[in-house]
Amino acid sequence: MPGEPRPLEIHLRVNSKRSNANMVHPVAVETVYPVQPQRQEVKHYRKWFPWLIPLFVVANIILFVITMYVNNCPHNSVSCIATFLGRFSFQPFKENPLLGPSSLTLQKMGALDVSRVVHRHQGWRLISCMWLHGGVFHLLANMLGILVIGIRLEQEFGFVLIGLLFVISGFGGSLLSALFIQSNISVGASGALFGLLGGMLSELITNWTIYENKLAALLTLVIIIVINLAVGILPHVDNFAHIGGFLTGFLLGFVFLIRPQFGWVNQRYAPLNYSPERAKPKFKKYQCILWVLSLVILVVGLSVGLVALLRGVDANDHCSWCHYLSCVPTSKWSCHTEPSYCVSNQLGNQLNVTCSSNGKSSTYFMQDPTSSQIQQLCTQLCS
């Protein structure tokens with residue numbers, strides 16, 4: 001009727017139940033919100049399980065234990081440190097301040113000895129020396145660095161590439177060391193460790209566009225490298241092995257650790273319609289140029305260096321200032337690290353030892369001294 005209020009129209013969505021057809025159950029109307037486009041996490045590449053770098057560390061530790069067993073300080077030396085360790089005790093501090101074996105033992109185990117490489121054709125020492133260490137302190141410092149850096153690289157690039165990077169960098173470090181330091185033996189995995197650092201730097205450069213916080217990462221890495229190289233100017237540290245390993249690893253990083261710049265998107269989430277298959281991997285021109293140049297320089301450099309070494313070339317004759325790269329003399333220390341040479345005479349149980357460098361002479365009462373014992377007395381007399 002006119003003037004009467006119109007009844008309200010109520011729209012119900014009903015849901016009849018078969019168990020009671022006479023009852024009608026109203027259901028509340030659900031509010032429908034516009035669906036936001038979902039984002040899905042895109043996994044760009046799988047992480048590798050790192051096992052090779054830890055295996056290298058274990059191998060170095062085992063070889064150090066074997067070296068100490070062969071050293072047998074109580075039997076071959078006049079005095080030892082930590083004699084409670086038996087044949088695993090260390091040489092005296094004057095002879096080896098790193099808590100380790102004698103130089104004769106390291107030489108026997110495969111230390112880098114240039115005269116033996118050149119004149120006795122023992123080129124294998126360029127590789128074997130990187131698995132030996134001069135003492136406990138030397139071993140711990142190298143193994144800690146290799147674990148921290150190597151595991152991260154192996155997780156991202158796999159054991160094949162990082163294993164090759166490690167070994168070739170160690171060889172490059174040994175090669176440069178042999179060209180410049182020819183009067184002393186050399187051991188240690190420092191060249192391989194610096195090769196890993198060099199590989200990290202070149203990997204950051206060649207994959208620059210996929211990194212976030214580029215400048216911070218670059219600055220941090222450069223500071224770490226500079227500090228480690230600066231430590232190498234101290235005496236008794238083979239900085240040429242560090243430099244050679246770093247340069248080798250730096251060049252290898254452009255060859256081994258290159259990544260395509262399209263398809264390796266450096267973002268955590270991508271739109272719903274993003275398809276990794278449509279983004280074809282593609283290398284940039286600067287990556288290809290660096291790849292070719294690095295490979296050529298690396299092959300030529302290692303080849304020329306190896307030929308020069310086997311021909312007995314002393315690189316110091318062609319670079320009068322390069323020795324400062326390994327040691328800078330100051331009022332606190334001297335860079336004179338020539339090996340000790342002595343003349344010894346045995347008369348009954350009386351041993352006369354004379355140091356050739358300073359002329360000092362001393363007499364010891366020993367019956368049938370070993371060569372290691374004479375070498376230890378010589379080191380103490382010449383120091």
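User: Does Gln-122 count as buried or exposed?
Analyst: Residues are numbered from 1 along each chain as its sequence is written, and side-chain values use heavy atoms, with hydrogens and water left out. Buried means under 20% relative accessible area, exposed means over 50%, and partly exposed lies in between, with a 1.4 Å probe and protein chains only. Because its relative accessibility is 15%, Gln-122 counts as buried.

User: Which residues does Gln-122 touch, not counting residues up to four places away in sequence?
Analyst: Gln-122 lies in the loop between α4 (114-119) and α5 (125-128), where helices (H or I, at least four residues) and strands (E, at least two) are DSSP runs numbered from the N terminus. A contact means heavy atoms within 4.5 Å. With residues up to four places away in sequence left out, Gln-122 touches Arg-116 and Val-117.

User: With which side chain does the side chain of Arg-116 meet in a salt bridge?
Analyst: A salt bridge is a side-chain nitrogen of Lys or Arg within 4 Å of a carboxyl oxygen of Asp or Glu, and the structure holds four of them. At 3.5 Å, N to O, the side chain of Arg-116 meets that of Asp-113.

User: Why are Arg-152 and Glu-156 separated by about one helical turn?
Analyst: The side chains of Arg-152 and Glu-156 meet in a salt bridge at 3.6 Å, N to O. Arg-152 counts as partly exposed at 26% relative accessibility, whereas Glu-156, at 15%, counts as buried. The separation is about one helical turn because both residues belong to helix α6 (residues 136-157), where they are four residues apart.

User: Which helix gives the largest share of the nonpolar patch?
Analyst: A patch is made of residues with over 30% relative accessible area and no salt bridge, like charges being joined within 9 Å and nonpolar side chains (Val, Leu, Ile, Met, Phe, Trp, Tyr) within 5 Å. Trp-48, Phe-49, Trp-51, Leu-55, Phe-159, Val-160 and Leu-164 form such a nonpolar patch on the surface, with about 690 Å² of accessible area together (Shrake-Rupley method with a 1.4 Å probe; for residues, only the protein chains shown count as cover). Leu-164 is partly exposed, with a relative accessible area of 40%. The largest share, three residues, comes from helix α7.

User: What is the mean pLDDT of the protein chain?
Analyst: Over residues 37-43 the pLDDT is below 50, although this stretch has 16 contacts in the model beyond near neighbours in sequence. Where pLDDT is low, the predicted coordinates should not be read in detail. In the protein chain, 81% of the residues reach 70 or more, and the mean pLDDT is 83.

Note on methods:
Predicted model: local features only at pLDDT ≥ 70, side-chain atom pairs only at ≥ 80, totals over all residues. pLDDT = per-residue confidence, 0-100.
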